[in-house]
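Have a look at the sequence and structure first, then read on.

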Amino acid sequence: MRPSNRPARADAGKTTSTGKTTFTGKSTSTSVLGCLRPGPRATAALAAAIAAATALPLAAPQLTRRFVDEAIGGASTRRLVFVAVGYLILAVAGQGARTLTAWLASRLAWDGTNRLRERLAEHALGLDMGFHGRRTPGELIERVDGDVVAIAEFVVAFLLDVVAGVLLLAGVLVVMLTVEPLIGALLLAYCAAIGFAMARAQRLAVPSAARSRAEYAALFGDIEERLAGLEDLRANGAGEHAVNRVHRASGRKYRAEFRSERVGSGLLAGTSVAFAAGTALVLAVAAWARGSGTLTVGTAVLLFQYTQMVRTPFERLIDQLREYQAALAGVARVRDLLAERRTLPEPADPRPLPASGPLGLRLDGVGFAYADDGVPVLSGVDLTLAPGETLGLVGRTGSGKTTIARLVLRLYDPTEGVVRVGGLDLRDADPESVRRRIGVVTQDVQLFTASVRDNLTLFRPGLADDRRLREILDEVGLGAWLAGLPDGLDTGLGGDAAGVSAGEAQLLAFARTLLADPGLVVLDEASSRLDPATERRVEEVVDRLLADRTGVLIAHRLSSLARVDVVAVVDGGRIVECGRRDALAADHGSRFARLLSAAGVAR
C-alpha cells in the first residue's frame, strides 16, 4: 500500500512538472513581495517624484517668513511681489509633484497587484478538488480579486500618505529643531507620544478589519450560491428563506464593518483632539518667545505653518488606517491561499501514459475516504478493464460510482490500493499526460464566454486548425448548426450558454473530447437530461467516441448499458458484482438481471 500524500516542507516552494510553482510558508511572503515590486526605472521615477513632493512644501514656509518679516521691516512692494511669486511657484510645483506621485503610485500599484491577481488565479486553478470542494466560487472571487484590490489601494496610500508623509514629518522636525530648538524638541516629543499611541491602537484595529474582510467574502459566497440556484428557489417558493439567509450574512458583515469603523473613527477623533491641543501649546510657546524678543513675527508664522504640516501626515495616516487594516487582512488571506498545497503529490520521476491507442484500466484493492470527515467511501475495489472495452458502473445514488470515476481521472488519489491506467500507477504518471490521454464528459456542460473555437480547444492555441474543428463538429452532427452561426467558429458563446440548446451544448462537449483523442473516456450518463430525439443523436456520438477507446460509463438509466462489455454493480462503496454484461443479464439470479427486470429494460 502506498500513501496518498507525501510530506512537504512548509517553508519552500515546489515546481511542478508543468513548470508552475506552488508556494508555502515563508516563500509566500517572497511571492507576494515579488509580484508587487516595481522595476528599477519605475522605482527611481517614483522616488524622485516623492522627493520633490516632500522638499517643495518644506521650502514654501521659508518664503512666508521672509514675506512677513520684510513687510514689517518696510520692504518695497516690488520685493514683496517677488517673494509672493516665488511662494506661488513653489506651491504650484508642490501640487504638481504630488499629482505626479499619485499617478506613478497608482500605476505601479495596479501593475503589481495585477501580477499578484494572475498568480493567485493560476495557483487556485492548480489546486485539487479537495480544496475547491470546501470553497464557494464567490469566496474565491473575493479572495483572488477583492483582497488584491484592498492591497492595491493600500499600496497607493502607503506611497502617498505613509512614505511621503513620514519624509515630510522628518523634514519638518529637522527644520523646527534648526529654527527654534526648544519648540522643535517639544514637537518631536509630542509626535513620538502620538506615534506610540497610534501603534498601540493599530493592534486593536487589524483584527477587526480581518473579521470584516472574512465576513465580506462569506457574503459574496452566499449571494453567489443563491444566484446559482435562482430557478429552483423561485420554482419551489424558497425565495423568502434565501433572502433571510442573505440578510443574516449581511448583518454579520455590517456588525464586523461597524466594529472596524468604530475603531478607525475613534483613532481619527483622538488624533484630531491631540493635535489641536499640540497646536495650541506650540502657539503659546511661540507667543512667549515673541514676547521675550527672541522670535520674529515671521518666524512665529513659520513655526505655525510647520506645526500644521506635522498634523497633516498624521491625519492622513489615520485616514488611511482602514486601508492599512484591510490590506494587512488581505495580505494574510493571500498568503493563506498561496500556502495551500495540492493534496495530490507530484511524481518524483513522472512517466507519460502510452501516447496512442486505448488504455487498459485496473483498480487493485482501492479504498478511499474524503479528508473532510475520514468516512470510507470505497473499500476493497478491484476492477480490470482491457484496452478497448467499456465498463458500466451501476448502483444507487451515493454508492460510490462517481468517486471511482474521480479516482480514474486522478482528481483524487486512493487512500488504499492502486489505480493503474495503461499499466502505470497514476501517482507515477505525468499529470499533463493524464489530462491529455484521459477524457471526461459529464451531464453539466460548461460553455465559456468565448468563441466556438475557444470553447472547443479550451483556449489551447495550436491544438487544431479550423478545418479539423469543422470536421469534428460535422462528426458530432453540429455541421448545420455551425453553418447557421453568423461568424462561424468566431461566433461568441455566452457563459450561460445563451442561444445554445442543452443538446447542442452536450454535443460540443463530445466534440471537445474527440478533438483531444484520449485513450480512456469517462462518461457520466451524458444523455440522461435530453429529450428522446436529441438523446438518439447523442447516443450515436457516444458510439463514435467509444470506438477504439476504453470507456467507463456511469449509468443512471440501465437502458444505456446495452453497449458496455463489462458491468460492475456498486453498493456501499464495494463492487458487489462484476462480469460480462451478456452473462450477467442472462443470469436470472444476478443483481444486474434483477435491476434490469425492475427497470423494465430488455436483457
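**Salt bridges in the predicted model**

Asp 490 and Arg 453 pair through their side chains in a salt bridge, at 2.5 Å from N to O. A salt bridge here is a side-chain nitrogen of Lys or Arg within 4 Å of a carboxyl oxygen of Asp or Glu. This is a predicted model, in which local features need pLDDT of at least 70 and side-chain atom pairs count only at pLDDT 80 or more, while totals for chains, interfaces and linings use all residues. Residues are numbered from 1 along each chain as its sequence is written, and side-chain values use heavy atoms, with hydrogens and water left out.

**Asp 490 and Arg 453**
- Asp 490 sits in the loop between α15 (479–483) and β10 (492–493), and Arg 453 belongs to helix α13 (residues 452–457), so the pair ties together parts that are 37 residues apart in sequence. Helices (H or I, at least four residues) and strands (E, at least two) are DSSP runs, numbered from the N terminus.
- Asp 490 is partly exposed at 49% relative accessibility, and Arg 453 is partly exposed at 22%. Buried means under 20% relative accessible area, exposed over 50%, and partly exposed in between (1.4 Å probe, protein chains only).

- Arg 427 and Asp 425 form a salt bridge at 3.6 Å, N to O; Arg 427 is buried at 2% relative accessible area, and Asp 425 is buried at 5%.
- Arg 79 forms a salt bridge with Glu 70, with the closest N and O atoms 3.1 Å apart; Arg 79 is partly exposed at 30%.
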